[in-house]
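This report describes a protein model for a reader who has not seen it before. Please look at the sequence and structure shown here before reading on.

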Amino acid sequence: MLAAERKFRIVDYVKEHRVATIGELAQVFAVHEATIRRDLEEIEQKGLVKRTHGGVTIDQWTHDEPSFNERAVQQLDQKMRIGKMAASLIQDGDHVIIDSGTTTLHIAKHLIHRSNITVVTNDMNVAMELRDASGIKVIVTGGDLYPSSYMLNGMFTDHVLKSLHVQKAFIGIPVIHPKHGLMHPEAQLVPTKQGMIAAAGKIIVVADDSKVGNLSLHTVAPVTAVDTLITGVDAPVKALQQFRESGVEVITV
């Protein structure tokens, strides 16, 4: 087994069992404990697991989101791939919603040279990205501006979404769980995402692999509301299989 594959499987194993000792991992993966320690050091640096005395654990709970600037550089290559794949699912003539977020922004970046597409967004960054795209009609929802992220949210945003219907909505989310669905740590951001989901015929969730399989306080929507999940190739295998069993199309990039 190659080292990269072993590290991927270690994360998957710990997510499934919640805790594991170094000796246990060495036995499962048939390598020396020193090798496991090196692997865990690299995995921990990526924020995927937490080292303990003699072992490793994982905190599945997302209690809050990092700042926009922090999130913008985390998993950047993966977010770019996700954005490119998501944009490829948009057809000429489509009316789509693009949610606010650092992953959804990369969808907009791949639409600049497209034509005959209407984009509804609550993200000023997305709108600015498309400002010179002559073939894209941009509708900004309005709402209360969050200066740290240029997101629009609140009563006015929700009111506009209730008056719209689009073919597809691309939803960014900090947590997606195969049993509990889309989840969010901040209650005030939940209604707008629910409004986007209600306004669309097809729901496409874009979330890097660090968001998959975690838990958070508030439920946004059940798994059954999701048509497609686009995530990274290192997302937990078991969770992805559970999504597929629930009828979700899973695309890894």
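## Lys 168 and its surroundings

The side chains of Lys 168 and Asp 94 make a polar contact at 2.7 Å. A polar contact is a pair of N or O atoms within 3.5 Å; within protein, one must be able to donate a hydrogen and the other to accept it, and residues adjacent in sequence count only if both atoms are side-chain atoms. The model is predicted: local features need pLDDT of at least 70 and side-chain atom pairs count only at pLDDT 80 or more, while totals for chains, interfaces and linings use all residues. Residues are numbered from 1 along each chain as its sequence is written, and side-chain values use heavy atoms, with hydrogens and water left out.

Lys 168 is part of strand β9, which covers residues 166–172. Strands (E, at least two residues) and helices (H or I, at least four) are DSSP runs, numbered from the N terminus. Lys 168 counts as buried because its relative accessibility is 11%; buried means under 20% relative accessible area, exposed over 50%, and partly exposed in between (1.4 Å probe, protein chains only). Leaving aside neighbours within four places in sequence, Lys 168 is in contact (heavy atoms within 4.5 Å) with residues including Leu 89, Asp 94, Val 96, Ala 200 and Lys 202.

## Asp 227 in a loop

Asp 227 sits in the loop between β13 (218–221) and β14 (228–231). With 32% relative accessibility, Asp 227 counts as partly exposed. The side chain of Asp 227 reaches the backbone nitrogen of Ile 203 at 2.7 Å.

Not counting residues up to four places away in sequence, Asp 227 touches Gly 201, Lys 202, Ile 203, Gly 247, Val 248 and Glu 249. Lys 50 is 177 residues from Asp 227 along the chain, and the C-alpha atoms of the two are separated by 32 Å.

## The protein as a whole

The protein has 10 helices and 15 strands. Its radius of gyration is 19 Å, close to the 18 Å that the globule rule gives for 253 residues, so the protein is as compact as a globular protein of that length. The radius is taken over C-alpha atoms, and the rule is 2.2 Å times the number of residues to the power 0.38. Along the principal axes, the C-alpha atoms fill a box of roughly 60 × 35 × 35 Å.

Buried residues make up 51% of the 253 residues. Among contacts between residues at least 6 apart in sequence, 61% join residues at least 24 apart.
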